[in-house]
Amino acid sequence: KLLGSSVEVLLKSGVKILATLDDVNEENITLSYDEAVVVEGKKKKQMQRTTHTYSFDEIKWTKEYLDYK
């Protein structure tokens, strides 16, 4: 239902992630989000798109993120 939309995920470790829901199956979900990464030879961090898969055992809750901008 929410594939391709923005979701807010709270992990059991206490980390909150705002990401795009890419894929869901019976065992895990795949999220993609922008992450600031240090690039060699640059002073500022650059934003890089990161894709990560989380199992349902790691997730406390997931809900739709509503952006009112």
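**Sheet architecture and nonpolar core**

Strands 1 and 5 run antiparallel and are joined by five bridges; strands are DSSP runs (E, at least two residues) numbered from the N terminus, and two strands pair if DSSP finds at least two bridges between them. Within this pairing, L10 has W61 of strand 5 as its bridge partner. The model is predicted, with pLDDT of at least 70 required for local features and 80 or more for side-chain atom pairs, whereas totals for chains, interfaces and linings use all residues. Residues are numbered from 1 along each chain as its sequence is written, and side-chain values use heavy atoms, with hydrogens and water left out.

The chain contains five strands and zero helices. The strands form an open sheet of order 4-3-2-1-5 with antiparallel pairing.

The largest nonpolar core comprises 11 residues, V7, V9, L11, I17, A19, L21, I29, L31, Y33, Y54 and I59. Such a core is a set of buried Ala, Val, Leu, Ile, Met, Phe, Trp, Tyr and Cys residues joined through side-chain atoms within 4.5 Å, where buried denotes under 20% relative accessible area (1.4 Å probe, protein chains only). At least two residues of this core come from each of strand 1 (6-11), strand 2 (16-24) and strand 3 (28-37). With residues up to four places away in sequence not counted, V9 touches V15, K16, I17, L31, I59, W61 and T62 (contact: heavy atoms within 4.5 Å). Of the 69 residues of the chain, 25% count as buried.

Notes: Buried means under 20% relative accessible area, exposed over 50%, partly exposed in between (1.4 Å probe, protein chains only). Helices (H or I, at least four residues) and strands (E, at least two) are DSSP runs, numbered from the N terminus.
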